[in-house]
Amino acid sequence: MTRVQALAALRNEWSDCKRCGLCERRTQIAFDRGASHSKLLFLGEQPGVNEDETGKCFVGMSGQLLDATIEFVKIDPRDCYFMNPVLCLGMRKPQTKDLKACWPRVARQIELVDPLLIVTAGQISTNLILKRKGGAALRPIVGELHMARFEGQVIDFLRPVIPIWHPSFVLKQGGGTAEEGDPTDLAATPTEDEFIKAMRTVKAVWRRLRQEYYGRRA
Ligand code: URA
């Protein structure tokens, strides 16, 4: 089975999922966006109404800001693959039980895409992937390079991870509130410049990894 077929089978297997309460409001699951051979994987938080409508990840305002920033720092969009730690939009943010229910799908999807670098956007996906406590603050580790271990179907594997701000959190700046679970106040809200700075770090690490990977294969 090819990677494309395996991902299609995984999507199919989860398309009627009722493993957590988030399924109640969804029209359809939002599985991913981007080509399956893309090696820079962005993990968001949760589909919104636009994602629910289209079945694709990061197609609303957050996605537009993310895409624009990717372009601004000159990362090739064709290298980018987008997915979320849960498949369904909800009236609430994903809770631990939702994340746990969806985890086998997340781990398998990451294993199949086999990214060179994972970018976790926001507190929820960062804490999930780096196995931190749910409420652990994001700010101190934004733009840092970490390693995460995954249990694969065949073998365990390690992947570099860089946390960035969630774009919706950047969009809220000025009128928004501090990120949930990070009660340090509005000072925690990132500016657009901080978002770009974190993405420039992603770009620098990505450029190196990409060169090593494609250079070796060329
Ligand atoms: N859209 C997504 O697909 N994920 C997010 O985290 C936000 C918007």
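**View 1. His-166 reaches the ligand.** An N or O atom in the side chain of His-166 sits 2.7 Å from a ligand oxygen atom, which makes this a polar contact (a pair of N or O atoms within 3.5 Å). The protein buries 93% of the 240 Å² that the ligand exposes when taken alone (accessible areas by the Shrake-Rupley method with a 1.4 Å probe). Keep in mind that this is a predicted model, where local features need pLDDT of at least 70, side-chain atom pairs count only at pLDDT 80 or more, and totals for chains, interfaces and linings use all residues. Residues are numbered from 1 along each chain as its sequence is written, and side-chain values use heavy atoms, with hydrogens and water left out.

**View 2. Who else is around the ligand?** Gly-44, Glu-45, Gln-46, Glu-51, Cys-57, Phe-58, Asn-84 and His-166 surround the ligand (a heavy atom within 4 Å counts as near). A polar backbone atom of Gln-46 is 3.2 Å from a ligand oxygen atom. For the side chain of Asn-84, an N or O atom lies 2.8 Å from a ligand oxygen atom.

**View 3. Helix 1 meets helix 4.** Helix 1 covers residues 3–14 and helix 4 covers residues 96–113; their axes come within 10 Å and cross at roughly 170° (axes are lines fitted to C-alpha atoms over the stretch in contact, with angles from 0 to 180 degrees between N-to-C directions; helices are DSSP runs, H or I, of at least four residues, numbered from the N terminus). The two helices are therefore roughly antiparallel (angles over 145 degrees).

Methods:
A polar contact is a pair of N or O atoms within 3.5 Å; within protein, one must be able to donate a hydrogen and the other to accept it, and residues adjacent in sequence count only if both atoms are side-chain atoms. Angles under 35 degrees count as roughly parallel, over 145 as roughly antiparallel, 65 to 115 as roughly perpendicular and the rest as oblique.
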